[in-house]
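Please walk through this protein model with me, from its overall confidence down to single contacts.

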Amino acid sequence: MKIIQLSLIIKILYSIILSNTNIITDDILYNSKPFIVVIDAGHGGKDSGNRGNGYYEKNIALEIALKIGSNLRSNNDIKVIYTRKSDVFVDLFQRARIANSADADLFISIHCDSHNSNAYGAGTFVLGLHANDRNFEVAKKENSVIFYEENYEENYDGFDPNNPESVIGLTLMQETYLDQSIIAAATIQKHFVNDLGRKNRTVKQAGFIVLKYTYMPSVLIETGFLTNKNEGAYLNSEKGQNAMAKAISNAIIDYKNDIMKSLQESYFFDSNEKNSHISDVVEKINYKIQVAASSNKIETKSFNFNGLKSISR
Ligand SMILES: [Zn+2]
């Protein structure tokens, strides 16, 4: 378990976390704004991504991303935006900027994993503190692409992918969207497992820089391991890419429908009651700071947290 020292908590106090925030705006419910999803194919151009079994992560990620977009084309209420549609290098912060400029409702980054074992399976990450070394390693690997970028020290506020402490500062902004990011990630995992029978590597948290700068629910999918002989071949095949894209597209539709339904339920009121409803929502805002992440379920007693009280999980 990692417990951040009090001094560090003071350092991060500036970034107060809003939870229970309504992420999808009234525009979707009342003004027929389409649900905008940004599909981000990881890597590209001079950055090949991982080369497990000789495959190119950048090509597989792009193929899956384009297939997701083409699957969703028939849904008039969903608009798809890509961060890249060809084999080009795009800085990580530019990817987030594309999503923010589009005022997107969901950001999905597509990747493939690698490992020096026979590990396999599909996992989906949301931004947060890593609970174990393996999750940190995945984020470190994906974050290291900033070394291909010019001026990365300036663009990422001195962020160092190799330093676990550096990751802590990353996680604060996305906390606002954490609940919905987790719902999106869990929906994607459900489709990987139920539709395709992929091994479930579950929803996890780690400090992915591409997720840090987006202002919307955001997830990063590790579709599988190119280093695993069977899974690498599957992900590199048309059949595998079609299947993975179909599962992700269906998850996006499910997520959108679920979120819309819960918003409609919570917003169900006469128009002349709107203002009082909004004040109800405002009163429900909680301010929280994440101080620990752990793979074990830890009792929320003060003695487990250097004497801190009012701990919730
Ligand atoms: Zn990657």
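The model is predicted. The protein chain averages a pLDDT of 84, and 81% of the residues score at least 70. Residues 1–22 are another matter: over this stretch the pLDDT is below 50. The stretch still has 54 contacts in the model beyond near neighbours in sequence. Where pLDDT is low, the predicted coordinates should not be read in detail.

Start with the sheet. Six strands form an open sheet with mixed pairing, in the order E4-E3-E5-E8-E6-E7. Its edges are strand E4 (78–82) and strand E7 (200–206), each of which pairs on one side only. Neighbouring strands are turned by 25° against each other on average, direction ignored. Take one pairing in detail. Strand E6 (residues 122–127) runs antiparallel to strand E8 (residues 218–225), and three bridges join the two. At one point phenylalanine 125 has leucine 220 in E8 as its bridge partner.

H3 lies across E3, E4, strand E5 (106–113) and E8. H3 runs at about 160° to E4. Helix H4 (residues 92–101) also packs on the sheet, where it touches E3, E4 and E5. The direction of H4 makes about 170° with that of E3.

Next comes the metal. Which residues hold the zinc ion as protein donors? They are His43 (NE2), Glu57 (OE), His111 (ND1) and Glu142, with Glu142 listed for two OE entries. The donors lie 2.0 to 2.6 Å from the zinc ion. In sequence, the donor residues follow the spacing H-x13-E-x53-H-x30-E. Histidine 43 sits in the loop between strand E3 (35–41) and helix H3 (57–72), while glutamate 142 belongs to helix H5 (residues 133–143), so this pair ties together parts that are 99 residues apart in sequence. Histidine 43 is buried, at a relative accessible area of 5%. Glutamate 142 is buried too, at 6%.

Is arginine 84 buried or exposed? Its relative accessibility is 3%, so arginine 84 counts as buried; the cut-off is under 20%. Two backbone oxygens are reached by the side chain of arginine 84: that of glycine 42 at 2.8 Å and that of serine 86 at 2.9 Å. Arginine 84 and isoleucine 39 are 45 residues apart in sequence, yet 8.5 Å apart in space, C-alpha to C-alpha.

Terms used:
Residues numbered from 1 in each chain as written. Predicted model: local features only at pLDDT ≥ 70, side-chain atom pairs only at ≥ 80, totals over all residues. Heavy atoms only, no water. Donors = N, O, S within 2.8 Å, 3.2 Å for Na, K, Ca; no water. Helix = DSSP H or I, 4+ residues; strand = E, 2+ residues; numbered from the N terminus. Buried < 20%, exposed > 50% of the residue type's maximum accessible area, 1.4 Å probe, protein only. Pairing = 2+ DSSP bridges. Axes fitted to C-alpha atoms, helices over the stretch in contact; angles between N-to-C directions. Contact = heavy atoms within 4.5 Å. pLDDT = per-residue confidence, 0-100. Polar contact = N/O pair within 3.5 Å; in protein donor to acceptor, adjacent residues only side chain to side chain.
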